[in-house]
Amino acid sequence: MALTKMDPEEKTYTISLRVAQGFNALSRIVGLFSGRGFNIDSISFGDAEKPEYARVTITTHGDRRIIDQIILQLDKLVDVLNVEDLTYIPHMERELALIKVSSNPRNQSEIIQVINVFRGNVIDITPDSLTIEVTGRNNKVDATISMLRRFGLLEVARTGTVALKREYQDSIYSNANEE
């Protein structure tokens with residue numbers, strides 16, 4: 001999903017925040033990034049476990065020193081209750097994409113075969129298009145879009161990453177967040 005090439009020293013990081021619901025929480029977070037020249041690859045903001053809280057998931061990239069600086073500065077923001085770097089700890093992360101693809105009776109079955117490989121779902125169909133829903137890690141969403149590109153992408157809408165720390169830390173789940 002990142003639109004710019006990353007320096008080989010940079011890594012993509014997943015940062016999770018719990019914030020107090022308010023008019024300025026999201027603007028303060030985005031303002032911190034833009035005011036300091038940090039990139040946001042994706043950001044997701046939505047209700048959390050209680051109505052007064054929101055969960056924010058940010059994916060960004062940089063070297064470790066920059067990420068540590070971002071986390072320290074996020075933790076100082078007024079509405080931020082806690083910040084957690086999920087990058088190196090077991091966590092679950094998903095992204096949702098809706099993909100509208102040009103189709104006709106001759107290629108619909110081929111498109112559906114591609115969708116089935118990625119465990120996607122057809123959620124709308126017209127004589128000229130199929131709309132597909134796919135969820136998974138961003139590389140799965142990227143691969144799905146790449147495979148559907150040859151049919152003609154009409155529209156793509158992506159949510160950005162959502163993530164939570166995995167509470168059960170035993171090795172049985174070490175590969176569970178790979179999908």
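Is tyrosine 88 buried or exposed? In this predicted model, tyrosine 88 is exposed, with a relative accessible area of 53%, because the threshold for that class is over 50%.

**View 1. Tyrosine 13 and tyrosine 88 form an edge-to-face pair.** By the ring-centre criterion, the model contains 2 aromatic pairs. In the pair shown here, the ring centres of tyrosine 13 and tyrosine 88 are 6.1 Å apart and the planes meet at 75°, so the arrangement is edge-to-face. The two residues are 75 residues apart and link distant parts of the chain: tyrosine 13 belongs to strand β1, and tyrosine 88 to the loop between β4 (80-85) and β5 (91-102). Tyrosine 13 is buried, at 3% relative accessible area, whereas tyrosine 88 is exposed.

**View 2. Phenylalanine 33 and phenylalanine 38 form an edge-to-face aromatic pair.** Their centres lie 6.2 Å apart, with 80° between the planes. Phenylalanine 33 is buried at 1% relative accessibility, and phenylalanine 38 is buried with a relative accessible area of 14%.

**View 3. Helix α1 (residues 25-35) has the buried residues Ala25, Ile29, Leu32 and Phe33.** These residues span an arc of only 95° around the axis and therefore lie on the same side of α1. The elements covering them include β1 (11-20), β2 (42-47), β3 (53-62) and α2 (64-75). On the face turned away from the buried side are the exposed residues Ser34 and Gly35. Just after α1, glycine 37 adopts a positive phi of about 75°.

**View 4. The charged end of arginine 18 sits over the ring of tyrosine 53.** The distance from this charged end to the ring centre is 4.7 Å.

Technical notes. Residues are numbered from 1 along each chain as its sequence is written. This is a predicted model: local features need pLDDT of at least 70, side-chain atom pairs count only at pLDDT 80 or more; totals for chains, interfaces and linings use all residues. Side-chain values use heavy atoms; hydrogens and water are left out. Buried means under 20% relative accessible area, exposed over 50%, partly exposed in between (1.4 Å probe, protein chains only). Helices (H or I, at least four residues) and strands (E, at least two) are DSSP runs, numbered from the N terminus. The arc is that of the directions from the helix axis to the C-beta atoms. Contact means heavy atoms within 4.5 Å. Rings of Phe, Tyr and Trp (its six-membered ring) pair if their centres lie within 6.5 Å; planes under 30 degrees apart count as stacked, over 60 as edge-to-face and the rest as tilted. A charge sits over a ring if NZ of Lys or CZ of Arg is within 6 Å of the ring centre and within 35 degrees of the ring normal.
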